Amino acid sequence: MIPQNLREIMIHNAQEVQNDLAKDHPPVVKLHSKYGKAIWLLSELDATNNIAFGLCDLGQGKPELSYVSITHLESIKHAKLKIPMVEADPNFDAHFPMSIYFEAAKSNKRVTEDEALLAEAALRLS
């Protein structure tokens, strides 16, 4: 689901956090539900447990910074078609650190990639 080159960046980010070199990493990958509203902007990955950290939005108006099992997301299949329900967005390119995406999501009650909303969130945090 997550391309190997992006997994490597996420693993490196997680190692920085574990070694107290924590940064406000930008999201590395965007996962989304094909037939729903769920979105995950992920920046770190514990490769041993296949657990990622990032901005999780299940489409219920309450986005949060949390952990998610990549193994679980990969296992979710469409009930009738038996195809994966969660996929990576190959066009996603983060321009801000995670804190900005989180601030914008809290205000918007939804993960957003809108540059104006993200810029406003950056101003609020500066």
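Q: In what sense do strand 1 and strand 2 pair, and over how many bridges?
A: Two strands count as paired if DSSP finds at least two bridges between them. Helices (H or I, at least four residues) and strands (E, at least two) are DSSP runs, numbered from the N terminus. In this predicted model, strand 1 and strand 2 pair in the antiparallel sense over four bridges. V29 stands opposite L42 in strand 2, and the two strands form a hairpin with five residues between them. The model is predicted, so local features need pLDDT of at least 70 and side-chain atom pairs count only at pLDDT 80 or more, while totals for chains, interfaces and linings use all residues. Residues are numbered from 1 along each chain as its sequence is written, and side-chain values use heavy atoms, with hydrogens and water left out.

Q: Which residue stands opposite S33 in strand 5?
A: S33 has V86 opposite it. Strand 1 and strand 5 (residues 86-88) run antiparallel and are joined by three bridges.

Q: Which residues point one way from strand 1, and which the other way?
A: In a regular strand the side chains alternate between the two faces of the sheet. Here V29, L31 and S33 point one way, K30 and H32 the other way, and all are buried. Buried means under 20% relative accessible area, exposed over 50%, and partly exposed in between (1.4 Å probe, protein chains only).

Q: How many bridges join strand 3 to strand 4?
A: Six bridges join these antiparallel strands. I51 has S69 in strand 4 as its bridge partner. The hairpin of strand 3 and strand 4 has six residues between the strands, and G59 in the turn has a positive phi of about 80 degrees.

Q: How many aromatic pairs does the structure hold?
A: A pair of aromatic rings is described by the distance of the centres and the angle of the planes. Rings of Phe, Tyr and Trp (its six-membered ring) pair if their centres lie within 6.5 Å; planes under 30 degrees apart count as stacked, over 60 as edge-to-face and the rest as tilted. The structure holds three such pairs. One of them, F53 with Y67, is tilted, at 5.1 Å centre to centre and 55 degrees between the planes. This pair links distant parts of the chain, with F53 in strand 3 (residues 51-57) and Y67 in strand 4 (residues 64-69), 14 residues apart.

Q: Is F53 buried or exposed?
A: F53 counts as buried because its relative accessibility is 18%. Y67 has 58% relative accessibility, so Y67 counts as exposed. The pair of F96 and Y101 is edge-to-face, at 6.2 Å centre to centre and 75 degrees between the planes. Both F96 and Y101 are buried, and ring pairs link F92, F96 and Y101 into a cluster.

Q: Which residues touch the most other members of the largest nonpolar core?
A: In soluble globular proteins, nonpolar side chains tend to be buried together. A nonpolar core is a set of buried Ala, Val, Leu, Ile, Met, Phe, Trp, Tyr and Cys residues joined through side-chain atoms within 4.5 Å. The largest one has 15 residues, of which M10, L31, W40, L42 and I70 touch the most other members. Two or more residues come from each of strand 1 (29-33), strand 2 (39-46), strand 3 and helix 2 (70-75). Strand 2 gives the most, with three residues.
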